[in-house]
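Hi,

Here is the structure I promised to pass on. Have a look at it first, and my notes follow below.

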Amino acid sequence: MSELKLYNSLSKEKEAFVPINEGSVGMYVCGPTVYSDVHLGNIRTFMSFDIIYRYLKFHGHKVRYVRNITDVGHLVGDVDEGEDKIAKRAKLEELEPMEVVQKYTNGFREMMRIFNISDPSIEPTATGHMIEQIEMIQQIIDNGYGYVQNGSVYFDTQKFNDDKGSYGNLSGRVLDELLTETRDLKNQSEKRNPGDFAIWMKADERHLMKWKSQWSEGFPGWHLECSAMSTKYLGKHFDIHGGGNDLKFPHHENEVAQNEAACGCAPAKYWLHANMLLMNGRKMSKSDGNTISAQDLFSGKSEHVSKGYSPMVVRFFMLMAHYRSTLDLSDTALLAAEKGYKKLMEAKRFLQQVNHEETGSISDVDKRANEMVDGVFDELNDDFNTPKALARLFELVPIVNSYKDNKPTFRDVSKQTIDKLKKCFSDVLETIMGLKDDQDSEASGTDALDGVMQLVLDLRQQARANKDWATADKIRDDLAAYEIVIKDGKEGTNWSYN
RNA sequence: GGUCGGGUGGCCGAGCGGUUAGGCAGUGGUCUGCAAAACCAUCUACGGCAGUUCGAAUCUGCUCCCGACCUCCA
């Protein structure tokens, strides 16, 4: 099997994945700011890193996965300069800031659960790490890369770049260009250079969330929490840092600078960036309202969709595109994903219950199936190429279905091949891609229903034997009203939920 | 304006120098009481213009569109 390669945003190349410490992997992913409901764009990013997390574990790595909750410190845009995003929301809803944080954190966790996105090993919050952040700021000052102005602390990008020459390496920015581009921001006059950024902000009286520090009563800068928390839980130098593409600059660039300035080394070996989810050809974003909520997607109550889609269909839809590509959400694309998802799940379901007797001989079909299964993992090893892996799986479906249809050629396959297919479908679909079978949950606890359905199907079979098509069709049509689909096959009739 | 990334068949989406991507939709067939499903076959492509090459969707140049970032953002 091929070795795992991943695309490193830092080198802009695919590199072989070699953990810093063999056997254990440290991974940090920038989590959500909990000031409103998560939307599908967030979900796609966390899903992408969930696949990566799952795949690393599948490879036998012990992974410590840290994904933070940002519950303070990000300033809002033009309108409410200097006001904390969470504090703003709190005033709006007349809630205590931490009440807002709790509400949307709960909502976020619930959504992660619905989409079957794994819990991280540690989910630290920014407010819970105020001491670490203040310590890191002091370290940056001590090392000569931070300066205090009127109770606020700024990062000296110019000095940092002169000494290390690395500011902008990750995002491809050039400091000199940034200087001329930077617009007028709050307290711009306090900075030595326009490219400098705040690592501690002095708060005014009406500011709701503030903490005491040696510089002033205030709050930490926008990029500091990730630097402090990744260092605390994963060390100064760890394997993977991930996040959305839109965080590359300034967030990740500044994070790198802060870590180097404080600890003297680059935080992450590999930087991974997930691309944006689009709708109407534009980035889905809660800031500008170009968004559809997950709830509306499930219920179908939105102008953007013709019907509701299950969370697993949405998950599958997202995995049909590579994590580094943009993905355009549309009703027709979701419809296609739904059909594809069902097709794959049906094949998986069949494999799980098939009882194959050993035939002994290894046929051409065996060889082909084996190559194709290996191919699935080759694709995943190639920077987690889920769309290609799924394509390989789809190519295996006709083999599975031919077996199901009792075609002699495919019945000749060996037991090893069937077992390998069985394992491949379950490993890839469930363990790695985290796709649950919608039918498992829908049909659970329905022993009685199974019995009733068997009876109904028996009666319908009798009708059919008597060529009483009217009765047979009535049963089929009436069951359709309950989303139950009847399929007449060679081996008898079976049923499933639509 | 600066930096970067895209434009692939009806739709979504891989590929990134020579090979069928794949899914959905369409078409023809097999099967079926009829359907559905399944199976087999099949039609639509690489924004435009030049160039490099035996050969380009894939490399180069120009050009036209679109997007992201530069400000909180996944």
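β8 pairs with strand β9 (residues 217-220) in the antiparallel sense over 2 bridges, and Glu-217 in β9 is the bridge partner of Lys-212. (Strands pair if DSSP finds at least two bridges between them; helices, H or I of at least four residues, and strands, E of at least two, are DSSP runs numbered from the N terminus.)

A word on the source: this is a predicted model, where local features need pLDDT of at least 70, side-chain atom pairs count only at pLDDT 80 or more, and totals for chains, interfaces and linings use all residues. Residues are numbered from 1 along each chain as its sequence is written, chains are lettered from A and ligands numbered from 1 in the order in which they are written, and side-chain values use heavy atoms, without hydrogens and water.

Back to the sheet: 5 antiparallel strands make it up, open, in the order β5-β6-β7-β9-β8. β5 (146-149) and β8 (211-212) are at the edges with a single partner strand each, so one side of each has no neighbour in the sheet.

Then the rings. There are 16 aromatic pairs (Phe, Tyr or Trp, its six-membered ring, with centres within 6.5 Å; stacked under 30 degrees between planes, edge-to-face over 60, the rest tilted). Phe-58 and Phe-377 are stacked, at 5.8 Å centre to centre and 5° between the planes. Phe-58 lies in helix α1 (residues 40-58) and Phe-377 in helix α12 (residues 364-381), so this pair ties together parts 319 residues apart in sequence. Ring pairs also link both into a cluster with Tyr-55, Tyr-323 and Phe-384.

Cheers
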